[in-house]
Amino acid sequence: MKRQVNRCASAALAVMLGGAGLAGCSSDKHAGAPVSSAASAARSGASAVASAAGSAAASAAGSAAASAEAAAEAALANVKGGLNATADVTLGTAVTGSDGRTEVPVNVTNHDSKPRRYTILINFKDQSGNLADAIVLDIPETAAGGTAHATARSNRSLTGTVTVEVRRALRY
C-alpha cells in the first residue's frame, strides 16, 4: 500500500512539474495571463504533491528517494526551452535542524540579461554516497544580474553525515 502511495505521489509530482516547466519555458517572450496562470497553478499543485510525497516517503525505505529523484528527473527532461543553469547555483553548508531534517542554503545568480526563473533538483546523499532524499526547488523570477536566496530542506529526517549536490538546474 505504501509503495502504491509513493508511486502515485511520484507520478503526480512528475506530471505537475512537467506542466509547470512546459508552461514556463515556451519562449523568451513574456508569458500571457493564461500561460502564467497555468504555470502558477501547476507550481502550486506541484508543491502540494511534493509535500504529500515527502510525508509518504518519510515512512518508506530508500527506494522512495530513488523514485522521487526519477520522477523529478523525468519532469525536468520534459522541459522545453529550459537552459542548463547548474553553474548559476551554489550550495552552502548542510546542517541538521532540530527536527532531524537536513537544510542547505541555496544561492542562484542570474547571469542572463533578462529576469529568469529556476527549477533545481537537489540530491541528499548519505555517508556512503547513496541517495537518501531528493527535492525540487522552484526559485521565483530573479532579476537580470541578480541573486536569489533559498533553503533546500530534506523531506524527512536524515541521519549521519549528509552531502548535498545540485543534480540539475534549469533556467527559463
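Two strands count as paired if DSSP finds at least two bridges between them. Strands themselves are DSSP runs of E, at least two residues long, numbered from the N terminus.

Before you click, note that this is a predicted model, where local features need pLDDT of at least 70, side-chain atom pairs count only at pLDDT 80 or more, and totals for chains, interfaces and linings use all residues. Residues are numbered from 1 along each chain as its sequence is written, and side-chain values use heavy atoms, leaving out hydrogens and water.

**Stop 1: the sheet.** Select residues 116-125, strand β5, and then β6: nine bridges join these antiparallel strands. Zoom in on Asn123, whose bridge partner in β6 is Ala134. Now show the whole open sheet, four strands in the order β1-β8-β5-β6 with antiparallel pairing. β1 (83-84) and β6 (131-142) are at the edges with a single partner strand each, so one side of each has no neighbour in the sheet.

**Stop 2: Val136.** This residue sits in β6. Val136 is partly exposed, with a relative accessible area of 24% (buried is under 20%, exposed over 50%, partly exposed in between, with a 1.4 Å probe and protein chains only).

**Stop 3: the core.** A nonpolar core is a set of buried Ala, Val, Leu, Ile, Met, Phe, Trp, Tyr and Cys residues joined through side-chain atoms within 4.5 Å. The largest one has 20 residues, and Val106 is among those with the most contacts inside it. Another core, of five residues including Ala72 and Leu170, lies apart from it.
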